[in-house]
Amino acid sequence: MGALVVRAGAIIARSGNRTVRDQDPTAHAEVLALRAAAASLGTWRLTDCVLYVTLEPCAMCAGASVLARVKGVVFGAWDDKAGMAGSVGDLLRHPVLNHRPEVRGGVRADECGALLREMFAARRARSVDSPLVDE
């Protein structure tokens, strides 16, 4: 999975998932990219930034996006097992929360889905030799 944070048309942060590599369950691409963007800007309020991700954010990543006050979240493939931007739930647009980013899902969904399938197939193939390999 991959994530970019964009501000005024420029990429200010990017990351990929590092959960297995770092043995950190919070090392999702979105969280890492949001952290890097906040460090780059010197503020945790990313109100003029848009988060772009390959896969619909999970609850943790959707929550981090809300807390970071991102202007928008754009994602490719839908995640019917853990997605929190409309698939399983919709944390990003929950009416009780104090911030609701604009959400655009399914952008280039087929391409993103193909990338994710290829990544997981390669990971499964490598895991026979080394079960802790990560991208």
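Predicted model: local features only at pLDDT ≥ 70, side-chain atom pairs only at ≥ 80, totals over all residues.
**Entry 1: the largest pocket**

I began with the open space. The largest pocket holds about 260 Å³. I then listed its lining, which runs through Leu 55, Ala 77, Trp 78, Asp 79, Asp 80, Lys 81, Ala 82, Ala 109, Gly 113, Leu 116, Arg 117 and Phe 120. Which helix gives the most to this lining? I found that it is H4, residues 109-127, with five residues. Sorting the lining by class gave me seven nonpolar, four charged and one polar residue.

**Entry 2: the second largest pocket**

Next I looked up the second largest pocket, and its volume came out at about 210 Å³. It is lined by 14 residues, and Tyr 52, Val 53, Thr 54, Gly 76 and Cys 112 are the closest to its centre. I also checked which elements take part. Strands S1 (2-7), S3 (49-55) and S4 (72-77) each supply at least two lining residues, and so does H4. By class I noted ten nonpolar residues, three polar and one charged.

**Entry 3: helix H4**

H4 had turned up in both pockets, and I gave this helix its own page. Its 19 residues should span 27 Å at 1.5 Å a residue, and I found 26 Å between the end C-alpha atoms, which agrees. Which residues of H4 are buried? My list reads Cys 112, Gly 113, Leu 116, Met 119 and Arg 123. They cover an arc of only 130° around the axis, so they sit on the same side of H4. I reminded myself that an α-helix has 3.6 residues a turn, so residues three or four places apart point the same way. On the other side of H4 I noted Asp 110, Arg 117, Glu 118 and Ala 125 as exposed. I then asked what covers the buried residues, and S3 and S4 are among the elements that do.

Two of these residues link back to the earlier entries. The buried Cys 112 is one of the residues closest to the centre of the second largest pocket. The exposed Arg 117 is part of the lining of the largest pocket.

**Entry 4: Ala 121**

I stayed in H4 for one more residue, Ala 121. Is Ala 121 buried, partly exposed or exposed? It counts as partly exposed because its relative accessibility is 37%, and that falls between the 20% and 50% cut-offs. From Ala 121 I took the distance to Glu 30: the two are 91 residues apart in sequence, with 22 Å from C-alpha to C-alpha.

**Entry 5: helix H2**

I wrote down its buried residues as Ala 29, Glu 30, Val 31, Leu 32, Ala 33, Leu 34, Ala 37 and Ala 38. Their cover includes S1, S2 (10-16), S3 and helix H3 (59-67).

**Entry 6: Trp 44**

My last stop was Trp 44, in the loop between H2 and S3. With a relative accessible area of 46%, Trp 44 is partly exposed. What does Trp 44 touch, not counting residues up to four places away in sequence? I found Ala 38, Leu 67, Ala 68 and Arg 69. Ala 38 was already on my list of buried residues in H2. Finally, I compared Trp 44 with Ser 15: they are 29 residues apart along the chain, and 17 Å separates their C-alpha atoms.

Terms used. Residues numbered from 1 in each chain as written. Heavy atoms only, no water. 1 Å grid on protein atoms, 1.4 Å probe; cavity = no way out; pocket = protein on both sides within 12 Å on 5 of 7 lines; lining within 4 Å. Points joined across faces, edges and corners; volume = space filled by probe spheres on them. Helix = DSSP H or I, 4+ residues; strand = E, 2+ residues; numbered from the N terminus. Nonpolar A, V, L, I, M, F, W, Y, C, P; charged D, E, K, R; others polar. Buried < 20%, exposed > 50% of the residue type's maximum accessible area, 1.4 Å probe, protein only. Contact = heavy atoms within 4.5 Å. Expected span 1.5 Å × (residues − 1). Arc of directions from axis to C-beta.
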